[in-house]
Amino acid sequence: MKKLISVLLTIVLIAACFAGCAQEKKPDAVRVATLMGPTGMGMAKLMDDAANGKTEGGYEFTVASSPDQVASDVISGSVDIAAVPVNLASVLWNKTAGSVQVAAVNTLGVLYILENGDTIHSIADLAGKTLYATGQGATPEYVLNYLLAANGLDPETDLTIEYLAEHTELATKMSAGDVVLGMLPEPNVTAVLSGNPDVRIALDLTEEWDKVSDSALIQGCIIVNKQFAEEYPGAVETFLEEYRASVDFVNENPEDASVLIEAAGIVPKAAVARKALPNCNICLITGDEMKTAVRQMLDVLYSADPKSVGGALPDEDFYR
């Protein structure tokens, strides 16, 4: 009898050991990089909760001013999760030999064409005009070119497109009245409208995209370091759950969210963030819906210019 009890106790101890060993280990902190502007706005509540010890996961956040900065951190392995433009996700997949995966879509279309006047009411109306824009060599340029071509316009010959390096530079020129026609993303759109009452939104490029494409206009997504995701799948799932709650809060409570957005350094002024939020199309799309949407968007970008997605379309392993 004693021997039987001893055997049973040994079995229980072994089972307990295996159960303990099977529990996933947790990282000391999940290193998250995001961008200023719409790509980072949905993360503001999560950042505030983390700073106040209200999250299940432990996080270290970095807010970057440019995609290049985030890309460098992803390539070096100094971040585990990042919010980036959708084409950059594919570029990084190519540059890192498949070391990143896309986990979610977090930003749909945020591009608008503004006019100091009342002559532009369709893409076709851009013929013969001079349009100032930002985002050359990135998603904004490819989206614009796609829409022009879909409406029978050649960006090389049917209009003049002048690219400026910085959103803020173009926003300043439009606010001052130095530029009549410009393409900008939110929240720069709101900044211009607040600074110059003569400027109006002439075209919502998300609406224009929906008229000519069966795919969603996607501009931002969440990527994860593949090795990190394999080692800490639970931490990634926890992040996505807490991020979803943050996105819901930001969309449903713009007044309070705008204060958190300013505090996080994502948008300089809460008032601008508050007005811009309805036009920022912040979301969190995962699973099969995410895979289909991202794949379709990358197909469009690849057709426009293979370099826009890093020279090759990602394979199925790119989608988490």
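Predicted model: local features only at pLDDT ≥ 70, side-chain atom pairs only at ≥ 80, totals over all residues.
Start by selecting the strands of the open sheet, which has 6 strands in the order E2-E1-E3-E10-E4-E11 and mixed pairing. Now colour strand E2 (59-64) and strand E11 (282-285), which stand at the edges. Each of these two has a single partner strand, so one side of each is left without a neighbour in the sheet. On average, neighbouring strands of this sheet are turned by 25 degrees against each other, direction ignored.

Next, keep H11 on display together with the sheet. Helix H11 packs on the sheet and touches strand E1 (30-35), E2, strand E3 (81-85), E4, E10 and E11. The direction of H11 makes about 150 degrees with that of E11.

**Strand E4 and its partners**

Select strand E4 (residues 100-108) and strand E10 (residues 218-225). These two run antiparallel and are joined by 7 bridges.

Which residues of E11 are buried on each side? Ile282 and Leu284 are buried on one side, and Cys283 and Ile285 are buried on the other, so that both faces of E11 are covered.

**Helix H3 against helix H11**

Move to helix H3 (residues 44-51) and helix H11 (residues 233-252). Their axes are 7 Å apart, and the two helices pack at an angle of about 115 degrees. To display the contact, select Ala44, Lys45 and Leu46 of H3 with Phe239, Glu242, Tyr243, Ser246 and Phe249 of H11. By class, this contact of H3 with H11 holds 5 nonpolar, 1 polar and 2 charged residues.

Within H3, the buried residues are Ala44, Lys45, Leu46, Met47 and Asp49. What covers these buried residues of H3? The cover includes helix H2 (38-41), E2, H11 and helix H12 (254-263). Following the chain onward, glycine 53 comes after H3 and has a positive phi, near 65 degrees.

**The cavity**

To find the place, select its lining: Val74, Val79, Asp80, Ile81, Ala82, Val100, Ile223, Val224 and Asn225. The elements that give two or more residues to this lining are E3 and E10. Which element gives the largest share of the lining? That share comes from E10, with 3 residues. Sorted by class, the lining residues of the largest cavity are 7 nonpolar, 1 polar and 1 charged.

**Alanine 171**

The last stop is alanine 171, in helix H7 (residues 167-175). Is alanine 171 buried or exposed? Alanine 171 is buried, because its relative accessible area is 7%, under the cut-off of 20%. Show the contacts of alanine 171 next: leaving aside residues up to four places away in sequence, alanine 171 touches Leu184, Asn188 and Val192. For a distance to display, pick the C-alpha atoms of alanine 171 and methionine 183, which are separated by 9.4 Å. Along the chain, these two residues are 12 residues apart.

How values were computed: Residues numbered from 1 in each chain as written. Heavy atoms only, no water. Helix = DSSP H or I, 4+ residues; strand = E, 2+ residues; numbered from the N terminus. Buried < 20%, exposed > 50% of the residue type's maximum accessible area, 1.4 Å probe, protein only. Contact = heavy atoms within 4.5 Å. Axes fitted to C-alpha atoms, helices over the stretch in contact; angles between N-to-C directions. Nonpolar A, V, L, I, M, F, W, Y, C, P; charged D, E, K, R; others polar. Pairing = 2+ DSSP bridges. 1 Å grid on protein atoms, 1.4 Å probe; cavity = no way out; pocket = protein on both sides within 12 Å on 5 of 7 lines; lining within 4 Å.
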